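This briefing is meant for someone meeting the structure for the first time. Please look through the sequence and the model below before reading the grouped notes that follow.

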Amino acid sequence: MSRLQRALEQGQFAVTAEMAPPKGADFRPALETAQVLRGKVHSLNVTDMQSACLKASSLGLCTALRQAGFEPILQMTGRDRNRMALAADLLTAAAFGIDTVLCLTGDHPAVGDCRDAKPVYDLDSVGILELLRELEAGRDCGGNPLTGEAPRFFGGAAATPVYDPLPLQIARLKRKADAGARFLQTQAVFSAESLLPFLEGVDRAGIRVPILAGIIPLKSAGMAKFMNEHVPGIAVPQSQIDALAAEKAAGGSPARLGLAMAAELVAELRERKLCAGVHIMAIGAEKSVPGLLEMAGVHICEETAPVPRAEASSEGGNHE
Amino acid sequence: MIITRKKPEEALLSMLQGAKRVAIVGCGSCAAACQTGGEKEIGEMKAFLEARGFQVAATVLPDECCHKMLVKRDLKVLRGLDVDAVVGLACGDGVQTVADNVDLPVYPANDTLFLGQVERVGIFHEYCRMCGDCVLGVTGGICPVTRCAKGLVNGPCGGQRNGKCEVDPENDCAWVLIYRRLEKLGKLDALLSPTGGRRPAAHPAHLNLREVRK
Ligand code: SF4
Ligand code: SF4
């Protein structure tokens with residue numbers, strides 16, 4: 001069973017951290033980063049060419065992480081693969097013992113770094129969630145029977161709490177929940193208050209799916225301003241931008257302040273029981289995540305922490 | 001309407017290399033409205049080709065260039081004429097329909113862009129991708145297959161900002177448009193109803209009403 005699933009079912013405060021595969025063929029730096037996070041987070045969430053920028057595949061790094069004894073979360077977007085390619089990758093993931101999947105529609109190639117790439121979108125996030133269920137029922141995307149034991153997945157989806165019109169976002173989430181999303185991971189939030197209208201809407205719509213709040217530790221006032229202007233669904237409060245700028249002017253470390261602000265938010269979200277956990281997107285500064293969690297006073301329970309698994313690599317491919 | 005745009009002159013001239021006597025076939029329907037194949041454009045094309053040393057043996061303007069029987073009838077005027085190429089001022093369908101009717105090389109003078117609405121003279125917007133499984137009934141009469149850059153039928157991606165699409169901020173996010181429209185119609189419940197599957201059609205598609213009626 002997925003460690004994230006177990007943590008959520010046990011009512012633990014779940015912690016996942018985002019990692020990106022390299023734009024290249026060397027996984028070693030990513031695996032080193034993962035070592036720093038060992039025992040500090042429940043799962044490592046591996047992006048699938050985020051922002052439509054070409055990288056090695058999520059499935060590839062997830063497999064390497066799995067073999068190194070971590071619990072990866074596979075991100076699957078519908079941007080580059082039709083339903084056959086998605087189903088093939090999902091079966092491959094399952095064969096390697098990767099069962100936690102974040103289903104995303106995916107950023108359009110037109111906003112990425114290979115702009116002439118043909119967008120696919122045969123399935124969107126809802127369609128990929130439905131595909132997980134088909135595979136679990138022992139059928140492929142054409143309704144044909146699969147051989148061997150059917151795979152088991154723990155599928156999740158993304159949410160954008162700061163969204164206008166909010167009811168449209170909630171309706172979309174309802175579709176995701178109905179399609180089988182069992183956890184929701186939000187776009188980064190920067191204050192507990194900005195989550196409240198969203199959580200109320202989720203509640204009113206009867207969506208009963210654990211929510212992991214997205215957390216981005218800010219590195220500078222410039223980064224915050226850039227994200228406010230360019231990244232959909234991001235709203236960093238002006239007071240935080242000012243504080244980061246003041247820190248820099250005073251010769252301090254805005255990155256350290258950003259980390260402290262993120263830690264404070266994590267602690268507040270947990271104390272007020274606003275969400276089931278957090279998803280930390282450190283954007284290249286993954287090694288600072290343990291420090292952030294330390295400051296927030298979040299320690300994951302050993303029982304569900306990733307532990308080295310000698311048998312991990314022999315686990316796959318034995319369904320027949 | 002099928003929206004077309006004139007190819008660059010050089011592109012047409014390079015196709016016509018080696019030809020001397022040509023015929024021009026336009027289209028009195030969509031291409032005429034797109035200012036790419038009506039009477040005026042045929043005249044302009046004639047003058048352009050003559051200025052480049054071609055002889056224009058005939059000009060033909062079928063009411064609809066995508067209608068095989070009609071085009072066959074209208075192209076009878078080419079019989080017995082010494083013509084070594086035909087320039088088609090229609091959409092891709094029209095140009096092929098001309099080619100179906102003559103044993104001559106047929107060259108497209110236009111690029112065929114999309115199926116669109118004529119907002120007003122000379123302004124066109126893509127409105128339908130002809131998916132074969134129309135969902136307009138539950139999307140407030142606004143097509144997500146076409147007007148959402150990702151063709152999403154189950155609701156929006158997370159990428160809109162201020163109602164504009166992440167892919168091209170010049171475009172409205174189709175799903176925000178759909179939401180506003182359903183809100184106005186008092187039919188927001190439709191946002192939760194399945195919109196049906198978008199099935200990429202196998203090509204080429206055919207429809208035979210005679211067989212359907214049988
Ligand atoms: S859903 Fe859109 S693309 Fe499909 S037939 Fe209707 S208008 Fe055309
Ligand atoms: S922003 Fe709106 S129109 Fe653009 S791709 Fe996303 S849902 Fe579609």
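This is a predicted model: local features need pLDDT of at least 70, side-chain atom pairs count only at pLDDT 80 or more; totals for chains, interfaces and linings use all residues.

Ligand 2 sits in the largest cavity.

**Surroundings of the ligands**

**The parallel sheet of chain B**

- In chain B, 4 strands make up an open sheet with parallel pairing, and their order is β3-β2-β4-β5.
- The edges of this sheet are formed by β3 (55-60) and β5 (106-108) of chain B, each of which pairs on one side only.
- On average, and with direction ignored, neighbouring strands of this sheet are turned by 25° against each other.
- Strand β2 of chain B, which covers residues 21-25, pairs with β3(B) in the parallel sense over 5 bridges, and B:Val22 has B:Val56 as its bridge partner in β3(B).
- Helix α3 of chain B (residues 39-51) packs on the sheet, where it touches β2, β3 and β4 (85-88) of chain B, and the direction of this helix makes about 170° with that of β3(B).
- Helix α5 of chain B (residues 92-99) also packs on the sheet, touching β2, β4 and β5 of chain B, with a direction that makes about 175° with that of β5(B).

**The antiparallel sheet of chain B**

- Another open sheet in chain B is formed by 3 strands in the order β1-β6-β7, and here the pairing is antiparallel.
- Its edge strands are β1 (2-6) and β7 (123-126) of chain B, each pairing on one side only.
- Neighbouring strands of this sheet are turned by 65° against each other on average, direction ignored.
- Strand β6 of chain B, spanning residues 110-120, pairs with β1(B) in the antiparallel sense over 5 bridges, and the bridge partner of B:Lys6 in β6(B) is B:Asn110.

**Backbone features of chain A**

- Most residues other than glycine have a negative phi, and most peptide bonds are trans.
- The peptide bond that joins A:Asp164 and A:Pro165 is cis, with an omega of about 5°, and A:Pro165 belongs to the loop between β5 (154-159) and α6 (166-178) of chain A.
- Although A:Met49 is not a glycine, its phi is positive, at about 50°, and A:Met49 lies in the loop between β2 (43-46) and α3 (58-67) of chain A.

Key. Residues are numbered from 1 along each chain as its sequence is written. Chains are lettered from A and ligands numbered from 1 in the order in which they are written. Side-chain values use heavy atoms; hydrogens and water are left out. On a 1 Å grid over the protein atoms alone, a cavity is a set of points where a 1.4 Å probe fits but cannot get out, and a pocket is an open set with protein on both sides within 12 Å along at least five of seven lines; lining residues have an atom within 4 Å of a point. A molecule sits in a cavity or pocket if more than half of its atoms lie within 2 Å of its grid points. Two strands pair if DSSP finds at least two bridges between them. Helices (H or I, at least four residues) and strands (E, at least two) are DSSP runs, numbered from the N terminus. Axes are lines fitted to C-alpha atoms, for helices over the stretch in contact, and angles run from 0 to 180 degrees between N-to-C directions. Contact means heavy atoms within 4.5 Å.
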